[in-house]
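I opened this model to look up chain contacts, a few helices and some single residues. My entries are below.

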6 protein chains.
Amino acid sequence: MGTVPLLSDEAASPEARAVFDDIRIKRNTDYVNNFWRALAHDPAALKDTWESVARVMAPGALEPLVKELVYVAVSTANGCSYCVHSHTAAARAKGMTPEMHAELVQVIGMAMRTNGMVTALGVEVDERLRG
Amino acid sequence: MGTVPLLSDEAASPEARAVFDDIRIKRNTDYVNNFWRALAHDPAALKDTWESVARVMAPGALEPLVKELVYVAVSTANGCSYCVHSHTAAARAKGMTPEMHAELVQVIGMAMRTNGMVTALGVEVDERLRG
Amino acid sequence: MGTVPLLSDEAASPEARAVFDDIRIKRNTDYVNNFWRALAHDPAALKDTWESVARVMAPGALEPLVKELVYVAVSTANGCSYCVHSHTAAARAKGMTPEMHAELVQVIGMAMRTNGMVTALGVEVDERLRG
Amino acid sequence: MGTVPLLSDEAASPEARAVFDDIRIKRNTDYVNNFWRALAHDPAALKDTWESVARVMAPGALEPLVKELVYVAVSTANGCSYCVHSHTAAARAKGMTPEMHAELVQVIGMAMRTNGMVTALGVEVDERLRG
Amino acid sequence: MGTVPLLSDEAASPEARAVFDDIRIKRNTDYVNNFWRALAHDPAALKDTWESVARVMAPGALEPLVKELVYVAVSTANGCSYCVHSHTAAARAKGMTPEMHAELVQVIGMAMRTNGMVTALGVEVDERLRG
Amino acid sequence: MGTVPLLSDEAASPEARAVFDDIRIKRNTDYVNNFWRALAHDPAALKDTWESVARVMAPGALEPLVKELVYVAVSTANGCSYCVHSHTAAARAKGMTPEMHAELVQVIGMAMRTNGMVTALGVEVDERLRG
């Protein structure tokens, strides 16, 4: 359905299959998302992307849930429907309640609104914000 | 510099001036950002936008700081430099540390990266994520 | 300042200069905008783009002013500051009043807002709208 | 199918149901679009969004049809397929003819084209357009 | 399914049908893509768009395959799924191997990533790059 | 000027300074671009980003110059002016002639144009392209 076929466990190379197994362990699920199966044609990219995502989304100065909310926000502004669905699910798995989701949608909408107004008005950055 | 001139307190209508004053009180500062001064040509829109932003960004199921991080994320994906600057400053005022900012930048970058990869691969939403 | 230098009348080729002259006549001004001067390194592209814009923006089923408002809207959503400035000026030259501009900004902001909300909610097109 | 289920009249809260009824009256139809049914999980946001859209899209210095054309343009540039479908339908309901639609598509395409060319060339805003 | 119906050969006007025939000859296939069938309601736009695309994508200083890769990249960043699919197919027809496709996806992802990081950091263009 | 100050060699940590030195060696220049100086507040992110970019942009199935053209295309569609400037310069350093640049700008413009038309028309992916 995409620009490349999704690879099943059987069709994937041993290197790709090893990443699938790592995804299963780290996410504590048997299910491997379509993105990883599409990316598996390039095992090195699959491994690098999975490890980079895992590292960036790990707990740090920001909680994993907050990071997922940011991920959903970026994905929405970029119009990536797949990403919105998968990271909304990830946010729920990390504790996002319906109330939090509703507020997230409102903040995204408000940011989009003022982004458009600011750009249409051609507002320049305040001197004091230029650092 | 923009597509409309910024209105000083003196040039603004009494209705717009009242919003400027409310901004000063709620934000506990004498400074009114360029966006509000550009929008002041339309006092009703100024009032509605300011009140909507204040309502949406207020504490709720999500903390105000988290909302600012989401706002920065959306503004970045939309390429609104003014919005990135003003909401990064707002996030700092609400407690964002340099470590949190650095992680925010990394999450935004990672989300942009996989947004592009997913779209280029044409990955379709997993059945189990379609609800 | 850009990725290519702007060409003065003297530096432009005769073919590019002929387009500059046509712009001056059609727009009834001596001023040639930076975009055309940047594009003049490729005289065939300059001629094709100028003629395409002139043809598409000419009066038809939609008035030229309405077309400029649409142009500003697209340019805003794409974050093209130059385009927002130049087409806002063009819209004013074709009769856009401050009241019309203020409403344009509000409509753009509202569209951006619901675009974001719709995408975050993953709303699918209604059966009855699928034609 | 989306990130939240669509709420039927029966599943919606009394507050959300009241907004559905208002949509039916104002739009003179029994049909309530998917967007409103997805948003109904947050009745306050539903009410605020519906009333804001109604107010911004009402006749003013710009005709309602022109506002719908602008809405379609923004939605297109943001890649919101749902929004393009629903506001193209709304524009038709307000009088957009096939000829007007065809011209709208051409203007959007031309704006996208020059947006890209301007950004690739890094063209800076003309001094005289900086106000 | 779209905002306009796709026109079959029988439903298309003689002018549109002539463009369909030209597409068949130039592309050496009997198949006419959905885009052209949707655009056929406006035969002049169909003809102009087809001829412009053919001219711009022809061999020149850049090879046709390189141009298709650039087309896929732009379409991905704009979130145009149709365009990603059709130009990925075109790139394959012009010689894109699976290895080239995998690298294209990686470069797009990396560009998206640093685009987001640069914008979030508000990095200004280096003096030496301002020309 | 950005949302974080640029770090000079003196202000950078030893880890960041080591990346600066690697950039100097690999690029055979003493100049370190603003992006790297802004990112240097997070030495681990600086190192990871620099190494990822270097790896992805290295010669492979696609030539480095082609990769730079793709990078410019993505950056343009995302409206990242900094990225357009820096990668246009990089493309020139790798052999992009003025003729190639002019064609790149035309292809980007044409892709943007049909992206907009396709989305406005709501064209669905052809069955035969769904794989």
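What follows is my notes, topic by topic.

**Ground rules.** I am working with a predicted model, where local features need pLDDT of at least 70, side-chain atom pairs count only at pLDDT 80 or more, and totals for chains, interfaces and linings use all residues. Residues are numbered from 1 along each chain as its sequence is written, while chains are lettered from A and ligands numbered from 1 in the order in which they are written.

**Chains A and B.** I looked up the contact between these two chains. I found 58 residues of chain B in contact with 58 residues of chain A. A contact here means C-beta atoms, placed from the backbone, within 7 Å. On chain B, helices H2 (34–39), H3 (43–56), H4 (64–77), H5 (81–93) and H6 (98–121) each supply at least two residues of the side that touches chain A. Helices are DSSP runs (H or I, at least four residues), numbered from the N terminus. H6(B) gives the largest share of that side, 16 residues. By type, I noted 34 nonpolar, 18 polar and six charged residues on the side of chain B that touches chain A. Ala, Val, Leu, Ile, Met, Phe, Trp, Tyr, Cys and Pro count as nonpolar, Asp, Glu, Lys and Arg as charged, and the others, Gly among them, as polar.

Next I checked the symmetry. Chain B superposes on chain A by a rotation of 180° with 0.0 Å of shift along its axis, RMSD 0.0 Å. The two copies are thus related as by a two-fold rotation axis. The same surface serves both copies, as 100% of the contact residues of chain B recur in chain A. The superposition is by least squares on C-alpha atoms of residues with pLDDT of at least 70 in both copies.

**The core.** Which residues have the most contacts inside the largest nonpolar core? I found Val70(A), Val70(B), Val70(C), Val70(D), Val70(E) and Val70(F), in a core of 252 residues. Such a core is a set of buried Ala, Val, Leu, Ile, Met, Phe, Trp, Tyr and Cys residues joined through C-beta atoms within 7 Å. Buried means 20 or more other C-beta atoms within 10 Å, exposed 12 or fewer, and partly exposed in between. Not counting residues up to four places away in sequence, Val70(B) touches Leu69(A), Val70(A), Ala73(A), Leu104(A), Val107(A) and Ile108(A).

**Helix H3 in chain C.** In H3(C), I noted Leu46(C), Thr49(C) and Val56(C) as buried. They cover an arc of only 120° around the axis, which puts them on the same side of H3(C). The arc is taken from the directions from the helix axis to the C-beta atoms. The buried residues pack against H1 (14–27) and H2 (34–39) of chain C together with H6 (98–121) of chain D.

**Helix H3 in chain D.** Leu46(D), Thr49(D), Val56(D) and Met57(D) are buried in H3(D). These residues pack against H6 (98–121) of chain C together with H1 (14–27), H2 (34–39) and H4 (64–77) of chain D.

**Two single residues.** Cys83(E) lies in H5 (residues 81–93) of chain E. I counted Cys83(E) as buried, with 25 other C-beta atoms within 10 Å. Leaving aside neighbours within four places in sequence, Cys83(E) contacts Ser75(E), Thr114(F), Asn115(F) and Val118(F).

Ala45(B) sits in H3 of chain B. Is Ala45(B) buried or partly exposed? With 19 C-beta neighbours inside 10 Å, Ala45(B) counts as partly exposed.
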